[in-house]
Amino acid sequence: MELRWWWAGRPDPDRGPTGRRWLGDLLLWAAVSAPVAYAGVTPPYPRYAVPLLVGSLALLALAVALGRRLPLAALVAVVFGSLLDGNFVFAIPVFSFLAGRRSTGTGRPAAVFGAIAVGGSALNLGLLGTEPETWFLLASVLLFAGVFPWLIGRHRRQQRALAQAQRRHAEAEERERRSAVDRIRLRERARIAQEMHDSLGHDLSLIALRAAGLEVASDLPPAHRAAAGELRVSVAAATERLREIIGVLREDRPGSLRPAGETVAELVDGARDAGMTVALRAAGEVGALPPLAAHTVHRVVREALTNAARYAPRAAVAVTVERTGDEVVVGVVNAAPPAGPLPGPASDGSGLLALRERVRLAGGALDAGPRDGGFQVSARLPLTADATAGADTRPPAAEPDDAAPGAGGVACRTDGGPDASGPGRASGEQSGEAARRLRDARRRVRRSLLMAFGAPAVLGLVLALVYYPLATAGAVLDRAGYERLRVGDPRDGLGLPRRQAAPPTADDDPGACEYYTDGNFPFAEPTWRLCFSDGRLVSKERIAQ
């Protein structure tokens, strides 16, 4: 089991339906078998041609079967198959790419390629006596047909992992956005509950006080005084019950609630006293609004003025409250700030979500967005007693990006209220995990690109540094040594290198002439031709390159 997973890595990411996998494997086997089969059915026919062909096709079929679960084992099988049939070299880049595509990490593939390189070099140079030029060719095949396709496959896998991480990150961000919307909505509802607790508790306390006055009144019959006492007890119990149910949501913050009985006009006057330029226009009988509508109008104006002062300093602000029929329309518009916005982070638009929720619960609709370089907030509220009955109970949608105020915009922010930290924290952890996976995927892609460009250069340099000493060792005759040679001198006294270079062409007779190199890089080709007769040098010449 350990060996199996060492070869396999992780499961194949390309695994699909079983029928599709079988068809893909069959087509892959047909493609990699075509060169081997063509060479096997065309003359000349070597000895044992049929068993060799059958064995080669079976080995390729085994490699295809192992390719999904054990991609590195499949690659090794194909490399060993190239010892039996040179046409296996066409299958090496295919299985190398699939190994990079289907396996993770670099340790196991690096060990496999290293073992193939070391074992192949020992076999060719030590046991088979392969010439350095031939060894270099075989090493180049391993590099270009094995390592390079593996790097491409690995890069393709990292790209796909990055795409998946980006998708998960986007999904986590969407969940976080929705969670933030839910937290804002719940926080605003909790604030409404706090304010209801304060206002309703105050009204109930007044009722209980009046009932207590009736209870001690001397001009009432005893039965009426008893009824008033029962009413006082019931109201006191209701007040206590209200405190237990809603009061747990309260967070005592000085100044978080509107002053008792404050009107929009008084609110605007307070803003003027603070140095703001505010114009108020009221149309209709706006002073006798229902409590819910009046409170919501006050909230809209207060939040808009507060944030106009923050995000549009010294800009003129126009407040409009108009009552038409059975609805009231309130609007707050600020111009662009003369000196630009105050330094600090831009608003994220969460306050608009909270204000929209408050207006929605009152049965109305809120509209906010940029206007002529400034920002506008407007709300339309019904005045009927059952306004909230027809209100949309769906969660508010997130504000678009252009609704979040930037420079010169009114940013409606809310403070306080309980925070739905449980779902928010879970969503935040999911978003953080997705962001970490995205960073890891990007880092792996960058590392893959670095390997794709750096590994070939390093491997080529290593091959050159290893090949050059092997190809030139004992076969270098420098120019000074060549110039010292004289025609007619006996060979034994010339002090020639112990090893000759290969003849430039197969037609040259190695028995009559000897070839040496001057160490030219990188292939160390033969440079000098020395011909002998009866043990004496009869001619010497430089071979044209």
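## Overview of the predicted model

Of the 545 residues in the protein, 38% are buried. The structure is a predicted model, and the protein has 13 helices and 8 strands. Among contacts in the protein with a separation of 6 or more, 73% join residues 24 or more positions apart.

### Helices α4 and α6

Two packed helices are described by the angle between their axes and the distance between the axes. Helix α4 covers residues 71-84 and helix α6 covers residues 107-127. Their axes come within 11 Å and cross at roughly 15°. Angles under 35 degrees count as roughly parallel, so α4 is roughly parallel to α6. The crossing of α4 past α6 is right-handed.

| Helix | Residues of the helix | Residues in the contact |
|---|---|---|
| α4 | 71-84 | Leu72, Leu75, Val76, Val79 |
| α6 | 107-127 | Arg108, Pro109, Val112, Phe113, Ile116 |

The residues of this contact between α4 and α6 divide into 8 nonpolar, no polar and 1 charged.

Is Thr527 buried or exposed? Its relative accessibility is 1%, and buried means under 20%, so Thr527 counts as buried. The side chain of Thr527 also makes a polar contact, at 3.0 Å, with the side chain of Asp518.

Terms used. Residues are numbered from 1 along each chain as its sequence is written. This is a predicted model: local features need pLDDT of at least 70, side-chain atom pairs count only at pLDDT 80 or more; totals for chains, interfaces and linings use all residues. Side-chain values use heavy atoms; hydrogens and water are left out. Axes are lines fitted to C-alpha atoms, for helices over the stretch in contact, and angles run from 0 to 180 degrees between N-to-C directions. Helices (H or I, at least four residues) and strands (E, at least two) are DSSP runs, numbered from the N terminus. Angles under 35 degrees count as roughly parallel, over 145 as roughly antiparallel, 65 to 115 as roughly perpendicular and the rest as oblique. A crossing is left-handed if the near helix is turned anticlockwise from the far one by less than a right angle, and right-handed if clockwise. Contact means heavy atoms within 4.5 Å. Ala, Val, Leu, Ile, Met, Phe, Trp, Tyr, Cys and Pro count as nonpolar, Asp, Glu, Lys and Arg as charged, and the others, Gly among them, as polar. Buried means under 20% relative accessible area, exposed over 50%, partly exposed in between (1.4 Å probe, protein chains only). A polar contact is a pair of N or O atoms within 3.5 Å; within protein, one must be able to donate a hydrogen and the other to accept it, and residues adjacent in sequence count only if both atoms are side-chain atoms.
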